[in-house]
Every structure is written in structure tokens, then in C-alpha cells.
Amino acid sequence: MAEARCAVEEPRISHVISEEEQKRDIFQEWKRSLARRFYRTRNLIYNGLWPTSLYNLAVVVLLLSCCMIWDWEFCKGLTSRLWGLADTLSIPVGFPVVIRAFLTSCVAGFLFFVALLYMRRFMLRTLLSYSGWIYEQPKTQSATTILWGLAVRCVFGYHPLLYSCQQSLPRMGVPSLGQTLDTLILSLKPLYGEDTEKWEKMTKDRQDFEKNLGPKLQRVLVLKSWWAQNYVSDWWEKYVYLKSRSTLLINSNYYIMDQSYWIGSKIQVARTANLMHQFLTFKQLIDHERLEPLVIRNTIPICMAQYEKVFSTTRIPGEDCDSWLHCDSTESKHVAVLRKGLIYKVSVFDKKGKLLTPVQLEKQLDWIIKDADVQTSTISESEKSIPALTGIDRTSWYKIRTQYFSEGINKESLDTVEKSILFVSLQDCSYEDLTERGKHLLGGTGTSVWFDKSINIITFPNGRFGLNCEHSYADAPVIGHLSEFNMTNEISDDPYLPDGHCKPQPGDETFQERTMPTQLLWDIEESLASVIKGAVGTVTKAIDDLDLCVKDHDSYGKGFMKTCKVSPDAYIQMALQITYFKNAGKFALTYESSMTRFYLNGRTETVRSLTCESASFVRAFRDPTVDREEKLKLFRKACTVHQKMYRDAMTGQASDRHLFALYVVSKGLGYECDFLKNALTLPWTLSTSQQPQQQIARSPDCNLPQYKDMLCPGGGFGPVSDDGYGVSYMIPGDKKVFFHVSAKNSTPGTSASKFMDQLFETLQEMREMFSDKNGTS
């Protein structure tokens with residue numbers, strides 16, 4: 001029992017805080033609170049005025065004042081109206097002319113400034129609603145798009161903060177009902193086109209829905225789009241993520257790896273400390289809104305709303321629906337660190353509120369490893385396995401949390417974990433192989449990942465690390481941005497000494513022992529120990545069932561794909577269609593994720609990569625009687641269709657989110673719509689996703705030879721369907737592609753390694769398809 005053990009142990013207090021120090025700490029916290037309020041208020045004002053600024057107001061007031069005082073001939077019409085305004089405002093005539101002019105100019109300038117603010121914001125929102133640019137390549141843009149881009153830059157404000165662009169982003173429109181139904185039916189034709197009876201029923205159900213219930217649901221959805229910031233994202237987060245009762249392990253959470261073959265430091269605590277420092281620096285940039293908002297083609301801003309919950313966020317289990325606990329910087333000033341089953345609270349700010357340096361963090365992590373080695377033998381297996389509870393189904397975890405963690409020492413310790421900025425796991429086993437490391441990052445040991453936390457940092461004794469991320473609050477590109485920030489700085493800043501330890505920084509010498517970590521204690525009664533043991537068994541079984549394969553394809557990359565005059569993403573999607581057909585002997589309903597962050601609060605949309613054109617190409621590619629030119633013709637046609645569908649998805653014109661929102665409306669109005677239910681419950685047997693790269697402009701050129709081992713393999717996720725595959729891929733440069741393929745061992749006929757081998761074989765065959773008779777590409 002944790003309380004009993006604590007009672008007989010000597011308290012480990014390394015520094016006694018004097019009354020004077022307590023008063024000083026209270027004063028420092030009061031100063032920090034005032035500073036936070038000041039910067040928060042300043043940012044609110046700045047964002048509220050963007051894309052204009054107070055500078056614009058000052059200039060207008062100055063010009064109007066000069067016009068009124070000097071009464072130039074060319075502006076007499078304006079000055080006469082301004083003096084008329086002064087009389088209307090009843091500004092005393094006895095005031096000096098300068099003061100009367102200044103006061104009048106302030107009022108007129110303010111009115112003009114407010115009008116300018118709303119006019120520029122309306123103009124920018126209207127301009128950003130134009131999506132024609134996405135269908136054109138940068139080097140072949142039309143005159144219309146070029147002029148549009150110039151107009152956006154003219155209206156766009158200077159130096160936006162992280163959330164400055166939010167109020168100027170357009171709202172995502174609702175696609176037409178007919179367009180969505182056409183897209184749906186067309187995507188299902190390769191699957192059911194040969195089954196005449198099923199196809200006829202499907203087309204008949206579509207016609208009935210479009211004629212009867214569909215228009216009523218569409219009107220409600222359009223009405224919602226007029227007042228809601230996004231017509232689908234809030235429902236998507238609630239019903240797809242938070243309402244889901246299945247485990248987060250493998251089903252929802254995803255992982256991200258560090259650099260493929262390069263290691264900044266082989267000392268675990270040093271690299272972990274630097275990683276933590278970079279992440280906390282990124283957090284401060286978010287808190288102060290000094291992180292630059294992402295802009296596509298130096299012109300088009302994207303929604304940054306998801307960054308708000310990246311840190312200090314925990315998904316809290318509920319009986320029917322989960323919720324988020326997000327703490328601000330006043331509540332969340334620490335990191336939870338796990339080592340050999342023991343969890344420690346690590347303060348990451350000194351008494352002045354300054355972020356600890358990497359050296360100071362390294363000292364704390366080193367202390368944790370040494371302390372855990374001593375303490376682990378005194379801890380029961382149940383106490384070491386508490387994180388496994390976050391990997392079971394959500395309703396069970398809610399009931400356990402309510403029964404055993406709602407009061408006393410268990411609640412205090414749980415609050416400490418859930419209010420932490422990050423959860424860090426210091427592992428004691430290394431994994432050199434990409435596949436083994438990826439599997440460990442996705443599932444851990446069953447007791448090494450707190451799956452509810454927004455971000456888990458998992459580090460290994462050889463210096464490797466990776467992330468396990470909860471999915472509901474933000475999508476992978478957001479965490480990819482954070483990961484790229486760390487990797488870019490780690491390469492450019494060279495933060496390690498020759499021996500691998502962190503480089504000292506000013507202030508390291510003032511580090512005091514009273515900021516050392518404190519171990520969290522738990523009261524594990526017999527019934528809770530039995531529950532934890534059962535959770536460990538459930539989680540371990542799920543991890544053992546995961547079949548994962550991670551490899552890098554280095555025969556060629558997007559450099560060759562671009563010479564084929566097609567999108568690299570479309571090229572890989574065609575390769576995946578061929579590979580699945582080889583693997584299963586049939587086609588699969590295919591999911592590819594696309595972002596919709598050009599719109600306010602946009603999340604994702606689905607690209608249905610299986611099309612009639614891709615199916616025709618696959619059949620031709622597998623048929624030796626079809627000549628090369630015909631295969632190339634069908635290939636380019638399929639890629640063109642896929643690229644258009646991807647662009648449609650990015651501009652909110654795909655079908656799946658619209659169908660989902662229509663279904664939510666139907667349930668809300670009390671209708672049971674079998675057509676929508678059947679359309680949305682078809683299994684995504686092949687689930688795919690391309691991971692973003694180089695979201696930061698100053699990231700090193702990954703095509704340069706000196707960076708070839710520093711390329712990030714990206715990350716992966718579990719299969720969406722039990723009898724299918726999950727495939728993610730990262731295209732970091734012209735010469736390499738990383739693939740992550742997942743499946744389930746318990747499903748006969750699926751094998752991640754076999755699929756990977758067939759995929760590599762397909763990529764080689766596709767390259768040969770582009771070779772002429774002499775064997776050159």
C-alpha cells in the first residue's frame with residue numbers, strides 16, 4: 001500500500017523553504033500573473049484588430065489632424081466636413097484649434113478605422129473563399145489566380161500572431177446534395193458494379209433519399225453552416241472521437257518516430273532533456289502566440305485552432321462520452337515522468353517562472369533513473385501497471401476511475417498526471433529496428449504509455465525517442481509541426497557536448513535541489529489490483545495482435561515520380577491499389593486522409609482513392625496482354641482523377657463529412673435512414689495517409705547528402721478494419737519513401753510484412769512500366 005510505505009519511509013526533503021523564500025515566491029507568482037494577463041490582453045487586442053493595426057489608426061488621426069490644422073486647398077471638402085463633425089460633437093470653440101482638430105480627428109479616424117477593419121476582414125475572407133488556385137500548379141497559374149494572389153497579399157496584414165488569421169478565414173460550405181451522392185455512388189461502383197442486384201438497390205435507395213428525406217436534412221445542415229464556425233467539425237470530434245467507447249490503444253492513438261538513422265546524443269537523459277526543452281519552448285510560443293501561423297505558398301493561411309490543446313491536455317473518460325481537460329499555464333507547470341513503473345512529478349520552471357535549461361532537466365531525469373532503480377523493488381506490480389487502465393475501453397476506464405480515483409491520494413496523483421504538460425516515459429530497453437521501435441511506440445509494453453495524454457514522449461537507452469499521441473484534439477500534421485521544430489533545432493543548434501551531455505547555459509549554476517522530482521504515490525487495494533491485472537492482460541493481448549512493418553524504400557522517391565508527370569501522392573495511391581489487389585485478389589474501399597484547414601476549424605476529409613479509373617488501371621497493369629502505352633494512358637488518367645478528388649477534399653467538396661453530418665441531423669430529427677447508415681458503415685479495408693514534411697521554411701533540405709540519415713520516417717497507426725491494412729507513408733525527399741503498414745495477427749490472410757514486400761515489388765514494376773525498350777526511364 002502506498003500510504004503505508006510512505007509512513008515508514010524517511011521523508012526525502014532536500015531543501016527547507018524559509019518564510020522569506022515563501023514570501024518571495026508569492027511575490028514572483030503575482031508578478032508572473034500580471035505579466036500573463038498583460039500579454040493575453042495585448043494579444044486579444046492585436047488579434048481583434050488584425051489585419052489592420054493601431055499603427056493604421058495613428059496614421060489616419062495624424063493625417064486628418066494635419067488636414068484640419070493647415071487646411072490645404074486640395075482637401076478643403078474633407079476639412080469642411082471634419083469641422084462640421086466638430087460642431088456636431090459639441091467640442092467647445094474655446095479650445096485651441098490644434099486640440100479641436102485632434103479630438104475631431106480621433107473620432108473620425110476611429111470610425112474610419114473600424115470601417116477599414118471590417119472591410120479588410122470581409123475582403124480577405126471573400127478572397128480566401130476562392131479555391132481555384134489549388135487546381136493549378138505554381139509555375140502554370142492563370143492570370144486570374146496571379147491577380148487573386150496579389151490581392152490577398154495587399155489585404156493581408158503584417159506580422160500575424162498565431163491566431164490572428166482565424167477571424168479572416170472563410171467558413172466551409174455545405175456541398176450540394178446531388179454532388180455528394182454522385183461522388184458516393186461513383187466510389188462504390190468498382191466494389192459493387194458487377195453485382196447487378198446490389199447495384200440496382202443502391203441506386204434506387206440513393207434516388208429515394210435524394211427525393212424525400214435528403215432535402216430536409218440538407219436544409220437543416222445549411223442553416224447550421226450559417227451560424228456555426230464549422231458545420232461538421234464539432235460533431236466529428238464528439239461522435240467519432242469522444243463518443244467512441246473502444247480503446248485508444250491502436251484504434252485511435254498514433255505514433256511518430258525521430259530521425260531514421262541519426263542520433264543527436266546516445267545518452268538517454270541528455271537527449272530526453274533537450275527534447276523536453278524544445279517542446280516546452282514550442283509551448284511557450286503557443287502560449288504567447290508568437291508561433292508563426294502556417295501559410296501555403298506564402299499567401300494562403302490555414303486554421304491554427306488545433307494548436308491550443310497540444311499541451312497540458314488529457315482526454316477524460318466518460319460513461320457515454322469523453323471530455324477534454326485542458327489546463328492553462330497557471331495550473332500546468334510540470335511534466336509527468338515514468339521510469340520502471342514509478343511516476344514522478346518534475347517541475348520545469350524555476351522559482352522565477354523561467355523554463356529550466358536542458359542541463360537542469362537532464363539532472364532531474366538522471367536523478368529519476370537512479371531513484372527508480374532503488375525504489376522499483378519496493379513497488380507492487382499493480383502499482384507499476386496503472387497506465388494500462390488508459391488502454392482499456394472507455395466506459396470501463398470511466399467506472400474504474402470513478403470508483404478508485406475520485407478521492408484521496410489516488411485522486412491527487414491522478415490529477416498530477418492529467419494536469420501535466422507532457423507524459424515522458426524513460427524506457428529501459430532499446431529497439432534499433434524501425435519495425436520493433438514503431439510497434440513499441442504505438443503500444444508500449446502495455447504499462448508504459450498514458451494513452452489519455454495529448455503527447456507521450458517515449459525515449460530509449462540508446463538515445464532514440466518517439467511520440468504516442470492522442471488523436472481527438474488535433475490531427476497528425478499539428479504534432480508533425482512540433483516534431484519538425486524539435487528536429488530542426490536539434491540539427492541546427494548542436495545542443496550536445498562531445499561526450500553527449502547537454503551543453504551548459506547561463507543560470508545552470510543556480511539550480512537548486514528543492515526543484516528535484518517528487519514520486520507520485522498510489523493506494524492500491526486488493527480489488528483495484530485485480531482490476532489493474534485484468535487491464536494489463538487486455539492491453540497486452542491487443543499489442544500482441546498488432547502486426548506492424550516499417551521500411552524505407554530507397555530505390556527512388558518523389559524525384560522519379562515527378563518525372564512521370566503525376567502527383568507523387570497519386571503515384572503511391574496507385575501502387576497501393578495494385579498491391580492490395582495482389583494481396584487479396586479484389587479491390588478494397590480505400591480511405592485517404594486530407595486536411596480542410598483552409599477553412600475555420602477545419603479538420604479532415606476523406607479521399608476515396610478507389611475509383612473506376614484506378615480499378616481499370618489495376619486490371620490493365622496486371623494483364624500481360626495490355627501494351628505499355630495503354631497502361632500509361634490508364635495510369636495518368638487514374639492519377640488525374642485522384643489528384644482532382646484530393647483537391648476537392650481539401651476545398652470541402654468531398655462526400656464523407658457531408659454524409660456524416662447528414663446522418664447526425666437525421667438521428668437528431670428522429671429519422672432512421674438506412675441509406676446513410678449503410679453508406680457510413682462500410683469498412684475501410686485499406687486506410688491510408690500521407691504525412692506532411694517540411695512545414696517549417698528553415699528546415700534543412702532533405703535532398704542534401706549530409707542530411708540523408710536525419711530524415712524522419714514519420715509515423716503510423718493501427719488498421720481501421722480488422723481484416724484490412726493501415727498504411728501511412730512519408731515522402732521526405734527525392735530519393736526515399738518511408739512506409740508504415742499495420743494489420744492484425746488474429747486475422748487470417750493479412751500480413752504486414754507480406755504487404756510491404758508486395759508494395760516494394762509493385763513500385764519496381766511501376767518504374768519498369770516507364771522504361772523504354774533500352775531500359776532507360
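This is a predicted model: local features need pLDDT of at least 70, side-chain atom pairs count only at pLDDT 80 or more; totals for chains, interfaces and linings use all residues.
Once neighbours within four places in sequence are left aside, threonine 747 is in contact with Asp722 and Asp723.

**Threonine 747**
- Threonine 747 lies in a loop, which runs between strand 18 (737–744) and helix 25 (752–769).
- With a relative accessible area of 12%, threonine 747 counts as buried, because buried means under 20% relative accessible area.

**Cysteine 67**
- Cysteine 67 belongs to helix 3, which covers residues 54–70, and it is buried, with a relative accessible area of 11%.
- If residues up to four places away in sequence are not counted, cysteine 67 touches Trp72, Cys75 and Thr79.
- From C-alpha to C-alpha, cysteine 67 and valine 295 are 39 Å apart in space, while in sequence they are 228 residues apart.

**Helix 24**
- In helix 24, made up of residues 674–681, the buried residues are Phe675, Leu676 and Ala679.
- An α-helix has 3.6 residues a turn, so residues that are three or four places apart point the same way.
- On the face of helix 24 that is turned away from its buried side, one finds the exposed residues Asp674 and Thr681.
- The buried residues of helix 24 pack against helix 7 (177–192), helix 8 (196–211), helix 9 (213–227) and helix 23 (656–668), as well as against strand 14 (604–608).

Methods:
Residues are numbered from 1 along each chain as its sequence is written. Side-chain values use heavy atoms; hydrogens and water are left out. Buried means under 20% relative accessible area, exposed over 50%, partly exposed in between (1.4 Å probe, protein chains only). Helices (H or I, at least four residues) and strands (E, at least two) are DSSP runs, numbered from the N terminus. Contact means heavy atoms within 4.5 Å.
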